[in-house]
Amino acid sequence: MNNKIPPEVRAVAETLEKAGYEAYLVGGCVRDLIIGREPKDWDLTTNASPEQIQALFPHTYYENMYGTVGVVNDEATDERLKNIEVTPYRLESGYSDHRRPDKVEFGQSLEDDLKRRDFTINALAMDSKGQIIDLYNGQADVNTKVIRTVGQAGERFSEDALRMLRAVRFASELGFSTSSETMQGIMLHVKLLGDISSERIRDEFERIIMSREPMVGMVMCEKLGILPYISPVLIKTIGVEQNKQAHKYGVWEHLLRSLQHAADRGWGLDIRLAALFHDISKPETKHQVGNQTTFYGHEVVGARVTRETLTNLRFPVKLIEKVTKLVRWHMFFSDTEQVTLSAVRRMIANVGRENIWDLMNVRSCDRIGTGRPKESPYRLRKYHAMIEEAMHDPISVGMLKIDGKGIMDVTHETPGPKIGFALHALLEEVIEDPNKNTKEYLESRAGELMKLDVGELQKLGEKGKSVKDREEEKLLEKIKKSHGV
């Protein structure tokens, strides 16, 4: 197995050993080597102090309380091998914030280091010759695919509450199950997650979402009581039934299956989040009309709830904006008979040319997640053909054959708000009929528009610019009123 250790990593270990120190690969990289996965990170542990480690290598950095020294290999072509982390054996004590040790001491033995680790599958060490040191039966748990804490589960989770989410993440990433003792420990100590920062929870949640089995992870989060610390709103979808003609599953399972389809297709975080949250507001918009269950406006409310949820989890603003758009407009392609080419052009303008195909992917997740997909290949081809055609047409002011300066040159109008209103009024016409996007027509029409008073022109300009926002506000008020809130 040592032939799978990269030369750059082996060189660091051998340098330590030649200087009279112990050196072992430790943690996830050993676990991955046993499983047959390619490790993402290579970590070493040693009985050398940080200063002794630094003295052996020409290029290092050391800026942390844990004694970890980064050994820099400037010649490595693989980014994962440019920085090899080497950490002295250490003992930890006191976890007053249930996240970090209050006190860190350098240990004297490998056993000191391994006994502080979270799970048995991560408490494995390997020397430079490939010999495995296994003090907690980690290899057996790797072979039986079980996640089990080192020692008492309660102690491990009290030390670092984030380990509870890490257990779920490993189950999702590796396809492992969790021992009953570990699950009981999580359920008994899950409230400690309230002490963990949103950023830390987000990081583990993201890795669960990006795993190969995110549905497994989310089911575990719900079963173990972790879900409220990720998204309390998601809990409301559990037990909410849908129209049986279109949906085989309730809202919660539909969202999970939509998410899993995104994972099965290998799509990115943005699409996976949109798939998970696209129907997040069906519970508060559910309405019974005779025998029919409706969720009118759930995509509008859901967009706002999605934005709030992702903001609370401290996701990047750019990602939040995109996911919110995908949730807001995911219903657009639900009825092919009502989709016109001008409507497609408006949709592209709403979500952005760069996002339109991702919106289609979210629709695919939604469709598969119903358990009763009805969409035929013909309809899919029709959607794609319409988008391809619309992508060649103007969908923004910048794509018009006239700009603000052009309007002023033709009409002799001075700079002011009327210019902007006129541009948006022209865009509205061109979206309806792209053939109007000619210099001659736009110059002539601009002359007519500039004769209107500013109030009339503003109404025309706002038709395509901000009316939709006011309509959404009206829709939200109507939904709230219908539910007595």
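Visitor: How do β4 and β5 pair, and over how many bridges?
Guide: This is a predicted model. In the model, strand β4 (residues 69-72) runs antiparallel to strand β5 (residues 83-88), and four bridges join the two.

Visitor: Which residue does Gly70 stand opposite?
Guide: Gly70 faces Glu85, which belongs to β5.

Visitor: What is the strand order in the open sheet?
Guide: There are seven strands, ordered β3-β4-β5-β2-β1-β8-β9, and their pairing is mixed.

Visitor: And which are the edge strands?
Guide: β3 (60-61) and β9 (132-134), each of which has a pairing on one side only.

Visitor: Which strands does helix α2 touch?
Guide: Helix α2 (residues 28-35) packs on the sheet and touches β1 (23-26), β2 (43-46), β8 (124-126) and β9. The direction of α2 makes about 80° with that of β8.

Visitor: New topic, helices. At what angle do α9 and α10 pack?
Guide: About 135°, for helix α9 (residues 198-209) against helix α10 (residues 214-223), and their axes are 8 Å apart. At that angle α9 is oblique to α10.

Visitor: Which residues make the contact?
Guide: From α9 come Phe205, Ile208 and Ile209, and from α10 come Pro214, Gly217, Met218 and Cys221.

Visitor: How many of the residues in that contact are nonpolar, polar or charged?
Guide: Six residues in the contact of α9 with α10 are nonpolar, one is polar, and none is charged.

Visitor: Now the rings. How many aromatic pairs are there?
Guide: The count is two aromatic pairs. In one of them, Phe119 and Phe170 sit edge-to-face, 5.9 Å centre to centre, with 85° between the planes.

Visitor: Where in the chain are Phe119 and Phe170?
Guide: Phe119 is in the loop between α4 (110-114) and β8, while Phe170 is in helix α7 (residues 162-174). The pair links distant parts of the chain, 51 residues apart.

Visitor: Is Phe119 buried or exposed?
Guide: Phe119 is buried, because its relative accessible area is 0%. Phe170 also counts as buried, at 3% relative accessibility.

Visitor: Why is the pair of Phe205 and Phe315 called edge-to-face?
Guide: Because the planes of Phe205 and Phe315 lie at 75°, and planes over 60 degrees apart count as edge-to-face. The ring centres of Phe205 and Phe315 are 6.4 Å apart.

Visitor: Which parts does that pair tie together?
Guide: Phe205 is in helix α9, and Phe315 is in the loop between α15 (298-312) and α16 (317-328), so the parts tied together are 110 residues apart in sequence.

Visitor: Is Phe315 buried or exposed?
Guide: Phe315 counts as buried, with 5% relative accessibility. Phe205 counts as buried at 0%.

Note on methods:
Residues numbered from 1 in each chain as written. Predicted model: local features only at pLDDT ≥ 70, side-chain atom pairs only at ≥ 80, totals over all residues. Heavy atoms only, no water. Pairing = 2+ DSSP bridges. Contact = heavy atoms within 4.5 Å. Axes fitted to C-alpha atoms, helices over the stretch in contact; angles between N-to-C directions. Parallel < 35°, antiparallel > 145°, perpendicular 65-115°, else oblique. Nonpolar A, V, L, I, M, F, W, Y, C, P; charged D, E, K, R; others polar. Phe/Tyr/Trp six-rings, centres within 6.5 Å; stacked < 30°, edge-to-face > 60°. Buried < 20%, exposed > 50% of the residue type's maximum accessible area, 1.4 Å probe, protein only.
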